[in-house]
Amino acid sequence: MGMKTKIALGAVVGIVVIGAVSANSGDSDGGSGDSGTSASAEQQSGGTKADAKADTKSDAKPAEDKGTEKASQADRFKAFVQKNGTPQEKDAVAHVTKVQGAEEQNDILDAVDIYTDFTGGIMGEGTGPAKLLASAFADWKQSDNGLVTVYDADGELLGTGNF
């Protein structure tokens, strides 16, 4: 077997192994992330109009539940702090505009960004509240190796914390 053939065969095997690993590492709960598949299967089953009306009525509550699940990460973080936080944390969380990265955690390196409407960067008035926000986030989410970073309105670093 020639050298070029061995290299080509090795590349093909490598690609197959990478594909198999990435296909198996997608969903931690073992389910499919595509919720449209089951809906299209139900549509293809050829149900009657009465079945469709019954399905609509039975799906009404889960649709409402999905609406609450669709709340932004910032809104869920704010709700948690409003329920469980100290008065100082409640004041600080009022300045949160966006939270990124809180959804998917793998406990290897979890990085979350919290954006606020504070100004002035690390020398501005938002440094103290940034520490409170990082602490409140650590109360909300837990990770073996998580880092939360708080930014001001201009995207400048205000503070960091572990969670």
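Two strands are said to pair if DSSP finds at least two bridges between them, and strands (E, at least two residues), like helices (H or I, at least four residues), are DSSP runs numbered from the N terminus. With that in mind, select the open sheet of 4 strands, which has the order 1-2-3-4 with mixed pairing. Strand 1 and strand 4 (157-162) stand at its edges, and because each has a single partner strand, one side of each is left without a neighbour in the sheet. From one strand to the next, the twist averages 20°, where angles run from 0 to 180 degrees between N-to-C directions and axes are lines fitted to C-alpha atoms, for helices over the stretch in contact.

This is a predicted model, in which local features need pLDDT of at least 70 and side-chain atom pairs count only at pLDDT 80 or more, while totals for chains, interfaces and linings use all residues. Residues are numbered from 1 along each chain as its sequence is written, and side-chain values use heavy atoms, with hydrogens and water left out.

Now zoom out to the whole chain, whose secondary structure comes to 7 helices and 4 strands, following the pattern α-α-α-α-α-α-β-β-α-β-β along the sequence.

Return to the sheet and show strand 3 with strand 4, which pair in the antiparallel sense over 5 bridges; Y151 stands opposite L157 in strand 4.

Helix 5 lies across strand 1 and strand 2, running at about 115° to strand 1, whereas helix 7 lies across strand 1, strand 2, strand 3 and strand 4, running at about 30° to strand 4.

Then select the largest nonpolar core, which has 21 residues, with F77, V96, V99, I114, L133 and F137 having the most contacts inside it. Such a core is a set of buried Ala, Val, Leu, Ile, Met, Phe, Trp, Tyr and Cys residues joined through side-chain atoms within 4.5 Å; buried means under 20% relative accessible area, exposed over 50%, and partly exposed in between (1.4 Å probe, protein chains only). Helix 7 gives the most to this core, with 6 residues.

Which residues does I114 touch, not counting residues up to four places away in sequence? Taking contact as heavy atoms within 4.5 Å, its partners include F77, V96, L133, F137 and Y151.

Finally, go to D107 in the loop between strand 1 and strand 2. D107 has a positive phi of about 60° although it is not a glycine, and D107 is partly exposed, with a relative accessible area of 36%.
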